[in-house]
Amino acid sequence: MTRITSLLFAGCAILLLFSFAGVRRASFPVMHGYAEGGHPADSIAILQVNPDEGYQTIHSFGASDCWSAKFVGSWRDEAKKNQIADLLFSTKLLPDGSPAGIGLSLWRFNIGAGSLEQGKASTIADEYRREECFLQPDGHYDWNRQKGNQWFLRAAKNRGVKYLLGFANSAPVQFTQNGLAAGLARNELNCRPDKYADYAGFLTTVAEHFKKEGLPLDYISPVNEPQWKWGEHADQEGSGATNAQISTLARIIGSQLARAKLAAQVTVAEAAQVQFLYNSNNSIGNQIADFFSPASTNYLGNVPNIAPVLAYHSYFSTCPDSVLQHTRMSAFRQRQTIDSNLQLWQSEFGILGNICGLLNGGPRHTGIEYGLYVATVMHADLTVAGVTSFQWWLGINPYDYSDGLVYINAPDGSISPQQSREDGRVSDSKQLWCMGNYARFVRPGMQRIAASINKDGLLVSAYLDKAKKLITVVLINPADKIARVQLEPGNRVFAGPSDLYTTSATENLAHAVSTTNLLVIRGKSVTTLVAHYR
């Protein structure tokens, strides 16, 4: 679920054999906006949108509090904490009309297992990756634990974030098989079989507490990336699990939440890669069918408080272009076959490892090339897999690595992760703002609609807000040259001026107003158009 070790990178590197540029030229039919056929660089592209052809309804865009919130949320400098919260959650506009933040609509709260209290005995070397636990060894709950995480949970709620999700990487250490939160060296749930109900009770109690605090958790995710053998690289809390174990645990949690009359729903299963949703990899794959086909012994569709959601992570499946398209289309088709009402969520993503030799997780990169890559992956997850939610991994990053949205260190190393536990230097990234081209303007309840553009290289997707009679269009131009885009001939859809928000090498959701139907899209940019429709 985080930066997988180099051993895992090597195993996944087989997928990464071709140029990332292929992603920009994709032409799979479902990926509206991937145009076939070349056009002169100075030609005018025609953008067409059809509000009558609809696809999935958007649920949310989110990120997680790992691993920094426990420290940053306890900083004495309130201004810096609020600066970070505004960058992530705010929907306010600055005086020039540009957004103050990216307006996330979901926030992931890491429910810790107790490795922080264990210290070095946890076997997790990096203190950032250890987490506190509300449940103490003597059986009482200490709600003063995870105070920093709780600060950001409340900051998200206060800024209007619609959904709160509590996720656990491990059962509390007192319930695990090895007494640790770092998992086993095999694909097995690190929870003693006689403690499944206790683990479920723990998560239910946490949900009850936050409901009383006015911070109700809408979702509970009890297992994360169960396909990995977390004991082989004990660099964080984590646990493997078979589908049968996940099903058993989810049934118990769902029943306990229902008995407690909580609205929180269980989400499964945070698959480590999209391929695990549809492949037949023995006891840990084929999860769409295994969890949501009525013929399966692991069927969860008839269990109370189970969300009709199957979540996956987009790591190690984004290039070459053939992999990007095939994996997501395979997941989409499997969902359609098993249950067309089932939602797919992309619940964790960040820039990890070597991306086709053109981008890399380390050292830290926060420039426009990395933002464009993020936008392109989001485009594929939304338009090919048809996800209803896209969620980022590290909302707040203390490392010299490229998988963050907001950073609290310094690129020159003058502020180390250790130092940033107490205070840091807050900075943004193009990953943040390019994600904001979607998150800030494509709001919960909007519907993706058909959109196309007849110029090779430009990517487009569109979203409809029926209540406000708004259409939001996201255009990605990865080329160096500007692109001239004509709103469809006859202007049958759009009415009045358009608001444009551009993220480029020099701009962060910079606002402009267009009163004409001919748009000039900057090179190497992501532009969001918001306009009323007829």
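Where does F316 lie? F316 is placed in the loop between strand 7 (306–313) and helix 10 (321–338), helices (H or I, at least four residues) and strands (E, at least two) being DSSP runs numbered from the N terminus. The model is predicted, so that local features need pLDDT of at least 70 and side-chain atom pairs count only at pLDDT 80 or more, whereas totals for chains, interfaces and linings use all residues. Residues are numbered from 1 along each chain as its sequence is written, and side-chain values use heavy atoms, with hydrogens and water left out.

Most residues other than glycine have a negative phi, and most peptide bonds are trans. The phi of F316, a residue other than glycine, is positive, near 60°. F316 is buried, with a relative accessible area of 8%; buried denotes under 20% relative accessible area, exposed over 50%, and partly exposed the range in between (1.4 Å probe, protein chains only). A positive phi, near 50°, is also found at L509, in the loop between strand 17 and strand 18 (510–514). L509 is buried, at a relative accessible area of 0%. As for peptide bonds, the one from V268 to A269 is cis, with omega near -10°, and A269 belongs to strand 6 (residues 265–271). The bond joining G362 and P363 is cis, with omega about -5°; P363 occupies the loop between strand 10 (359–360) and helix 11 (368–385).

Helix 6 (residues 147–158) comprises twelve residues and spans 16 Å from its first C-alpha to its last, close to the 16 Å expected at 1.5 Å a residue, where the expected span is 1.5 Å times one less than the number of residues. Its buried residues include G148, N149, Q150, F152, L153, A155 and A156. Just after helix 6, G160 adopts a positive phi of about 90°.

Rolling a probe the size of a water molecule over the atoms shows where empty space is left. The largest pocket has a volume of about 270 Å³. A pocket is an open set of points on a 1 Å grid over the protein atoms alone, where a 1.4 Å probe fits, with protein on both sides within 12 Å along at least five of seven lines; lining residues have an atom within 4 Å of a point. The lining of the largest pocket consists of 14 residues, of which R440, F441, K468, L470 and V530 lie nearest its centre. At least two lining residues are supplied by each of strand 15 (470–477), strand 17 (494–503) and strand 20 (525–533).

T527 lies in strand 20 and is buried, with a relative accessible area of 2%. Its side chain makes a polar contact (N or O atoms within 3.5 Å, one able to donate a hydrogen and the other to accept it; residues adjacent in sequence count only if both atoms are side-chain atoms) with the side chain of T502, at 3.3 Å. Leaving aside neighbours within four places in sequence, T527 is in contact (heavy atoms within 4.5 Å) with N437, V473, V474, L475, L500, Y501, T502 and I521.

Y299 is located in the loop between helix 9 (287–292) and strand 7 and counts as buried at 19% relative accessibility. With neighbours within four places in sequence left aside, Y299 contacts R251, D290, F291, F292, S293 and P294. The C-alpha atoms of Y299 and A311, twelve residues apart along the chain, are separated by 16 Å.

Methods:
Grid points are joined across faces, edges and corners, and a volume is the space filled by probe spheres set on the points.
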